[in-house]
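Please read this note with the model open beside it. The points are numbered so that each can be checked in turn.

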Amino acid sequence: MAAEHDLVVRNGEIADGKGGTPFQGDVAIVGGKIAQVGKVTGSGHEEIDARGKLVTPGFVDIHTHYDGQATWDSRLNPSSWHGVTTVVMGNCGVGFAPVHTTDHDRLIELMEGVEDIPGAALHEGLRWNWESFGEYLDAVASVPHDIDIGAQLPHGALRVYVMGERGARLEPANDSDMARMRALSTDAMRAGALGFSTSRTLNHRTVKGDPTPSLKATAAELLAIAQGLSDAGTGVIEMISDFNDPDPATEWAMIRNLVATSRRPLSLSLAQSHGHSPDGWRFLLGLISNAASEGLPIKAQVAPRPIGVLLGLQGTINPFITHAAFMEIREKPLAEKVRIMRDSTFRARILEESEQREKRHPLARGIMAFERMFRLGNPPNYEPAKETSVAAMAERAGRSPADFVYDLLLENEGRAFLFSPFANFAEYNLDHCGEMIGHADCVMGLGDGGAHVGLISDASFVTYLFTHWGRDRAKGRFDMGYLVKRQAADTARAVGLNDRGLLVPGMKGDLNVIDLDRLAVKAPVMAYDLPAGGKRLLQGAHGYEATVVSGEVVYRDGEATRALPGKLVRGAQATPN
Ligand SMILES: [Zn+2]
């Protein structure tokens, strides 16, 4: 007898995405959609025994930067190794459309600078067979993918497209510029953009050091674009802001008005600062909550752990990169570097240089401060105790931090990474992340999958949410059912995707079968597989026994199958009835 269902997952512990306690049952998928949840009687063309395993909706990661990768790579790794079945790209105002032929290099420099994606890889990988945002979407859609992908219109590209050099130089947009941006935004939403993104942070610069084009966009310009979304009747806004230009109150009033006038949902990056106001996030979240309680659709986008950089001999930076002795070996292959660094004469040269204060990297008091630098380890530890900092360990050992860190860099044949949190770790713990995860006006994000590939590896936020906050942390843990809701239904709703994130009949047939006992974030590794031999940090996970997209298994125990059912998601999706 022919099977009644395409796929049946049997006897799992189902966390259906609604937030309740997981319950035992089966899930059947037919024609790429959830057909039945509970007791499934008919057989499946394919069946997965999920006894003792957690069955969840596919996860939705709303903050990634696969804008380049998605045009040349069928695999949206590392995100798709973390149970993610839908990624949203085009965040932080950077991306590759719309674009004039003459501006290709400019957008590459912007992406290389803001998101640390190697320019050579982008030059070789991008085919530029598009001009408009709609044509870019067609280019993405023409590549088969492992998981679904949605795109946002990036302000940086839009501004340069409309204003040319004036846009790149941060000049104010005139009335006709704004009218064009509004019309092009409407076009992009109608072509299938999920929203629009913009950056107002000085931390985002092109590789040449110029500020990101959208940095000083006026309220009028942003409002024109938001009204372009309103004209189309769809689209969300993603924004990152420093909140200091011209002053925080003005900035907040502008954002509030943007949402009040356009009625388009907006999410704003939120993290605990390591600067003078570690409680600033609380103030901003309060403002967001007030606005939300008045019916304005604003959410804070948050992370489940410190946002930090990885330092190592293979990465973009390490504590010795400014030293003349290190510069001599900087371009050498890793094995050669390690061999030279084990030489005691070379070591003495480096350590002697590190004694000279002026040789210390300008970041030595920031992201390369020994007081906030930790051995990442394997399994990686993202909430390390203060006493385990490089500075503290060196002091106990009676050695200088530079001397101490020298050996740490050589661990694992030079493949070890040190972790330097630069946000969300002001107080050497993640208590505040727990508050954010549990806050109704926060949504999970900020993982930056596909970006910062020589420096940051945070696409693994998704798995960490479950391992650390659902299972491992000594205090402040959440129910697994709640966390699943946070990373599936809540994230999907935040970008207008109402057809996924829940295991209920009619929803998209995206799910994970997870062995919770084995679920773990792997240590990051450097891979040399970008176009033009570019390197990128990759970080997988243990414990995802199956990841299913539209009813097809795309990963089985971390191994890719040959199925590539992932699709470009064009625009917001209605709740299936
Ligand atoms: Zn980003």
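What covers the buried residues of H5? Point 2 takes this up, after a word on the model.

1. This is a predicted model, in which local features need pLDDT of at least 70 and side-chain atom pairs count only at pLDDT 80 or more, while totals for chains, interfaces and linings use all residues. Residues are numbered from 1 along each chain as its sequence is written, and side-chain values use heavy atoms, with hydrogens and water left out. Helices (H or I, at least four residues) and strands (E, at least two) are DSSP runs, numbered from the N terminus.

2. The cover over the buried residues of H5 includes helix H2 (104-115), strand S8 (148-154), helix H6 (165-168), helix H7 (175-191), S9 and H8. Contact here means heavy atoms within 4.5 Å. Helix H5 spans residues 155-163, and nine of its nine residues are buried, so the rest of the structure largely encloses it. Among them are His-155, Arg-159 and Tyr-161. Buried means under 20% relative accessible area, exposed over 50%, and partly exposed in between (1.4 Å probe, protein chains only). After H5 comes Gly-164, with a positive phi near 60°.

3. How do H5 and H8 cross, and which residues meet? Their axes come within 13 Å and cross at roughly 100°. The contact involves His-155, Leu-158 and Arg-159 from H5, and Glu-221, Leu-222 and Ile-225 from H8. The two helices are therefore roughly perpendicular to each other. Angles under 35 degrees count as roughly parallel, over 145 as roughly antiparallel, 65 to 115 as roughly perpendicular and the rest as oblique. Axes are lines fitted to C-alpha atoms, for helices over the stretch in contact, and angles run from 0 to 180 degrees between N-to-C directions.

4. Eight strands make an open sheet with parallel pairing, in the order S6-S7-S8-S9-S10-S11-S12-S16. Its edge strands, S6 (59-61) and S16 (442-444), each pair on one side only. From one strand to the next, the twist averages 25°. Two strands pair if DSSP finds at least two bridges between them. S10 (residues 236-241) and S11 (residues 266-269) have three bridges in the parallel sense, and Met-239 stands opposite Leu-268 in S11. Helix H8 (residues 219-232) lies across S9 (195-200) and S10, at about 165° to S9.

5. An open sheet of three strands has antiparallel pairing and the order S13-S15-S14. S13 (307-311) and S14 (374-375) are at the edges with a single partner strand each, so one side of each has no neighbour in the sheet. S13 pairs with S15 (residues 418-423) in the antiparallel sense over five bridges, and Gly-308 has Pro-421 in S15 as its bridge partner. Helix H15 (residues 401-414) packs on this sheet, touching S13, S14 and S15, and its direction makes about 115° with that of S15.

6. Which protein atoms hold the donor positions of the zinc ion? They are His-63 (NE2), His-65 (NE2), Cys-92 (SG) and Asp-448 (OD), 2.1 to 2.4 Å from the ion. Donors are N, O and S atoms within 2.8 Å of the metal (3.2 Å for Na, K and Ca); water is not among the atoms, so sites may look incomplete. His-63 lies in the loop between S6 and helix H1 (69-72) and Asp-448 in the loop between S16 and helix H17 (461-472), 385 residues apart. His-63 counts as buried because its relative accessibility is 2%, and Asp-448 is buried at 16%.
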